[in-house]
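Work through the exercises below with the model open. Each task is followed by a stepwise solution.

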Amino acid sequence: MSSVAVTAQTAGEGAARAAARRRDRKAAGSATRRASWIVYALLGIVLLISIFPLYYTLLLGSSDPVEISRNAVPQWYPDLSLFTQFRTVIESTQINFWKALTNSVIIAVVVSAAVVLFSTLAGYSFAKLRFRGRGPLLVFVIATMAVPTQLGVIPMYILMSDLHWIGKLQAVIVPVLVSAFGVFWMTQYLSESLPYELIEAARVDGASMIRTFWSIALPAARPAAAMLGLFTFVQQWTNFFWPSIVLSSENPTLPLVVKSLQSNYFVDYSLVMGGVFLVTLPLLVIFAFVGKQLVAGIMQGAVKG
Amino acid sequence: MAVLTPQRSAPGSGAPQRESRRLGFSQRLGRWDVKLSPYLYISPFFILFAVTGLFPLAYTAYVSVHEWSLLGGQGDFVGLQNFVDVLNQPTFWKSLVNTLSIFVLSSVPQVIIAITIAALLDQNLRSATFWRMGVLIPYVVAPVAVSMIFGRLFADQYGLINSLLGLVGLDPIAWHGDRFASHVAIASIVNYRWIGYNALIFLAAMQAVPRDLYEAAVIDGAGRVRQFFSITVPQIRATIIFVVITSTIGGLQIFDEVRMYDATGLGGPDKNWMTTVLFLYDVAWGNQHSLGRASAVAWMLFLLIILIGFVNFLVTRQISTSGTDKKPKRKRITRGNA
């Protein structure tokens, strides 16, 4: 469910709703009572189910492969033998782990930066500048969000192979440099949060158009841009379909590593699971730092690019 | 700068006396700056989108009416032969049924469980952010990794799920052998990743429900459950529709989960869990190596998604026009924010 468009009703209104909610909550004041222990217990179960598959991965990663094929729970706690699996995965010549990690970082960073920059530029233009054809063009952008463009994979593949880009990173990066959702999201945000007075003040002071964008619009867009960047990053990092078509195991991304683990070592389940955890780990670490922003982003409508 | 204000006719009419004066180079430059910049700023999106979004979609139609092999390249014009070939392949029809089955099994429980979790999160919780982050963890695990893990949990022999079923005295289920069981397992992979995510979307909607509605309900003697079904669910109807639409578009394009569900990754020996996108992959890069037929598949899937999207749209409009009580509230909230 990688690329799903968003409809006009949620995005942008999220922030307004949150504000309204805070007012309502304040008004209700002490009338709202604390949640009961049942709520915590149920949420605890949800949390356990969320975490358990990851824990189970660690468990299988530290178990003996023969034991795994005979027992669903070979042991209850992960142990240090996990690191043997990590080492084997990292040192394997069939896996190319470091290359995959580097590639994933490059793709996710470049695509996020490009999507944020192009979306902010276009969003600023749509939200704050007047020009001929603005309305129809914006409608066009919104309409394209509902079109499943990834169904154009065949011609895209033909194009990439004509350019001799098969197996190279640009084959993954170039097709996703812009996002209709990103443009829509930044347009919504900037039209609500950037006052015309600021732009006019900069223009009166003699700033050129691009200077105005750079020193007024870009800083104002920062919160929304950060969220757009985060979601694009996660989306690209976990993306599998298109990279699996144009990249090979010699020059993979991390999700492709999961595939080569499966095809090369499917008999050794503890190694496969150790590798799966290793592939998952970087984004989990990032999540520990930006999880709060992701939650806020989803709740304000920065969803799905 | 007058151009920047909402009035459209601003640049000329705003300063007529200046028109007569001869413009200096920098002023002329400034005027071009104002006129061209908006187009310049939107051009990266439109140029790149034309190349990477529109052109491939249109070109799919061209490829679909040609003989076109993966290695040999373009062949003869064959009219609708590729479409006929695809429609004559039983696997195509099987993949459509699989797709719809997995889609229903994933989206319906997904929405119901997500709303329930959102209702729990909507209580007055201590350390609310902790719980919200907790339900979002599955979102950052790549679908391919989730699928590998769940493939093991749902192993036919010595899988954890079957062991648990054994503990309560039930027979093991052939999660990879039985068609329907495999759909349940794959749907649970999809649900694992998206339930928490959708719960947060629902939570945001629930928090926008005016609290005085609940206070009135309490005075009228309504319990928690009654409040949930009579106030919460009707109030977040628009968001429910939104989530249903997005999960429709995504649910019809399931690939990662089924590709990694077994070691071969082509839908199992009887194609029991081959989805249409996986079929497209198989036709192009798997067994058939025919880009022409794959384009025909893409085109038909595209039409199916548009069709279902259109039905969704009609239903949405129906419901949003009948829910007249919603509109004034929305306006109030928006104005309050401005």
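**Exercise 1. Judge the confidence of chain A.**

Step 1. Chain A has a mean pLDDT of 85 (pLDDT is the predictor's confidence in each residue, from 0 to 100). In chain A, 88% of residues reach 70 or more.

Step 2. Confidence in chain A is lowest in helix H1 (residues 13–28), at a mean of 50, and highest in helix H5 (residues 97–128), at 96. Helices here are DSSP runs of H or I, at least four residues, numbered from the N terminus.

Step 3. Residues 1–13 of chain A have pLDDT below 50, with 41 contacts beyond near neighbours in sequence. Two residues are in contact if their C-beta atoms, placed from the backbone, lie within 7 Å. Residues 26–31 of chain A are also below 50, with one such contact.

Step 4. Keep the ground rules in view: this is a predicted model, local features need pLDDT of at least 70, side-chain atom pairs count only at pLDDT 80 or more, and totals for chains, interfaces and linings use all residues. Residues are numbered from 1 along each chain as its sequence is written, and chains are lettered from A in the order in which they are written.

**Exercise 2. Describe the contact of chains A and B.**

Step 1. Chain A supplies 99 residues and chain B 93.

Step 2. On the side of chain A, helix H15 (residues 269–299) gives the largest share, 14 residues.

Step 3. That side of chain A divides into 66 nonpolar, 19 polar and 14 charged residues. Ala, Val, Leu, Ile, Met, Phe, Trp, Tyr, Cys and Pro count as nonpolar, Asp, Glu, Lys and Arg as charged, the others, Gly among them, as polar.

Terms used. Helix = DSSP H or I, 4+ residues; strand = E, 2+ residues; numbered from the N terminus.
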